Amino acid sequence: MPTPKLRLAIVTTHPPGKGSLNEYAFHFVRFLRQKAEVSEVILLTDELPPGESYAFEDRPGLAPILVVPCWKFGSMTNALRIRSAVKRANPDGVLFNIQFASFGDGKIAATLGLTTPPLVKFAGYPTIVLLHNIMEMVDLKSAGFAGNPVIEAVIRFIGTQVTRLLLNSDLVALTIPKYVEILEKKYKAQNVVLAPHGAFEETPTPSFALPAGPLQIMTFGKFGTYKKVEILVEAFKLLQNGSRPPLELVIAGTNSPNAQGYLEGVAERYADVPNMRFTGYVSEEDVPKVFGDAAVVVFPYTSTTGSSGVLHQTGDYGKPAVLPHIGDFAEVIAEEGYGGEFFEPDDPASLAAAIGRVIDNPERRRELGTQNYVASRGLSISDVIDWYVLHFQTLIEQRAKSKK
Amino acid sequence: MKIHSRQERGAAVVELKGRFDAHEVPDVRKALEGAAALASGRVVVNLADVNFIDSSGLACLVQAMKHCRERKSDLYLCCLQQPVRIIFELTRLDKAFEIRASEAAAIEAVQQP
């Protein structure tokens, strides 16, 4: 039976906005617009600073996109503003591409923002939350959200209540099977669904060749909360003490919205370390070069918040990874087929040794790069979007049946 | 993986045997495309002998179902083993696919207008 085309709204950050998950949203929206089942994409996104604006390709075969900047990181009124924007746009369904700190770094703003999905659902719209992390797996201390056990307990309690709220959405999609299992067990949830992260397509088969010049040790992301580069700089100092070819440390990306000024502080503290480069914000067109030039991609994480977009990009570009020994990350590696050298999260010597095992051994570098490339080819984000479209179609059909 | 295709009462039945993962996707995709072309999009995939399916396998079936639906027909699944059924439930794709307990029931259902 032919299904009517869908007008889908997505609540998310999006480049040039620099909020977390913006890159995932960029690829998600890009492929969502290519789906024959979709007639329009409504981007309910965050307001940009003065002078910046959203820009999208427009060509035959792409669903039109309506951009509605209607929320602001840290604002207390995001939930109401987004609900109003949804009502005005009147889409067939709403997807939230979020994590726990998507709407603010303050506890109140973050929590209020996370009331949006149930508000939108109760306003009558089929609602799916793509939740990139779950409270049960976040190391709050490392994420900069708790300083003492009492505060941590309070935040965990609030996190549990917020999770219950989010579970009032029609579906909550999670990228890791273990997360599904946790929410099903702890919350007796019946509406959680596994939707793998998916690989960002359209990267050419990697050549594994590196540019002339120093071997680049690269890390990529938004730093300052659970992604801390100090251990990497310390490890880099150790690596430079050895008798190796010239090395360069490339710290690619920006501060986390929750850690303004963090990278500037690191640059000042380590001003005497040679061959270290901060790229600042990496625009989409520069991403291939940043990854392509890297000999190894390092994940200096102290905790994890889900399947890593950076890990998928590392695979896309056929690069080896150096990863922390954190249970969740190890599971991602095992379940998704990625490979890497591991280090102890608090030990620069362990990190230096892990990086050394990659950069000192071209065969190992190529082997891990190939493994990650093959893993990243497993399921494309385009395939994953098909699943979301099917879920929306099913939800809409169910609602239509229940109205009869 | 072994793939066997046949025609049965106007439907194309594709039997798969073994692990259905990323390595098998190209061959299965080819078989499903051929089946859909032969039977005007009325396809039954018998998974009775599939003991494992990964996300690539699921994606392959989703693509095939989409192609069938574009032809105003459908793709039915039947005879899912428990480990395979669990994956469909985990991804909630069991709600999106038409799934029948037996091949006969799937063939009958796929004939319906």
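Where in chain A does P16(A) lie? P16(A) sits in the loop between β1 (6-12) and α1 (22-32). The model is predicted.

## The β1–α1 loop of chain A

Two backbone features deserve a look here. A cis peptide bond links P15(A) to P16(A). Its omega is about 10°. P16(A) belongs to the loop that runs between β1 and α1 of chain A.

L21(A) is found in the loop between β1 and α1 as well. Its phi is positive, about 75°, although L21(A) is not a glycine. Is L21(A) buried or exposed? L21(A) has 18% relative accessibility, so it counts as buried; the cut-off for buried is under 20%.

Chain B has a positive phi to check at R92(B). The value is near 60°, and the residue is not a glycine. R92(B) lies in the loop between α3 (82-90) and β5 (98-100) of chain B.

The relative accessibility of R92(B) is 19%, so this residue counts as buried. The threshold is under 20%.

## The interface of chains A and B

How many residues of chain B are in contact with chain A? There are 15, and they meet 19 residues of chain A. K66(B), L90(B) and R92(B) supply 36% of the area that chain B buries against chain A. That is more than any other three residues. R92(B), with its positive phi, is therefore also one of the residues in this trio, and it counts as buried at 19% relative accessibility.

The area buried between the two chains is about 1,500 Å². Carbon and sulfur atoms give 64% of it.

Two salt bridges are found across the interface of chain B and chain A. One salt bridge joins E37(A) and K66(B). The closest N and O atoms of this pair are 3.2 Å apart. K66(B) is also among the three residues named above for buried area.

Seven residue pairs across the interface are in polar contact, both residues being at pLDDT 80 or more. Which helix gives the most to the side of chain B that touches chain A? Helix α2 (residues 55-70) does, with nine residues.

## A nonpolar patch on chain A

V150(A), V154(A), F157(A) and I158(A) form a nonpolar patch on the surface. Together they have about 370 Å² of accessible area.

V154(A) is placed in helix α5 (residues 149-166) of chain A. Its relative accessibility is 43%, so V154(A) counts as partly exposed. That class runs between the 20% and 50% limits.

Note on methods:
Residues are numbered from 1 along each chain as its sequence is written. Chains are lettered from A and ligands numbered from 1 in the order in which they are written. This is a predicted model: local features need pLDDT of at least 70, side-chain atom pairs count only at pLDDT 80 or more; totals for chains, interfaces and linings use all residues. Side-chain values use heavy atoms; hydrogens and water are left out. Helices (H or I, at least four residues) and strands (E, at least two) are DSSP runs, numbered from the N terminus. Buried means under 20% relative accessible area, exposed over 50%, partly exposed in between (1.4 Å probe, protein chains only). Patches are made of residues with over 30% relative accessible area and no salt bridge: like charges are joined within 9 Å, nonpolar side chains (Val, Leu, Ile, Met, Phe, Trp, Tyr) within 5 Å. Accessible areas come from the Shrake-Rupley method with a 1.4 Å probe; for residues, only the protein chains shown count as cover. A salt bridge is a side-chain nitrogen of Lys or Arg within 4 Å of a carboxyl oxygen of Asp or Glu. Contact means heavy atoms within 4.5 Å. Buried area is the accessible area (1.4 Å probe) that two parts lose on being put together, summed over both. A polar contact is a pair of N or O atoms within 3.5 Å; within protein, one must be able to donate a hydrogen and the other to accept it, and residues adjacent in sequence count only if both atoms are side-chain atoms.
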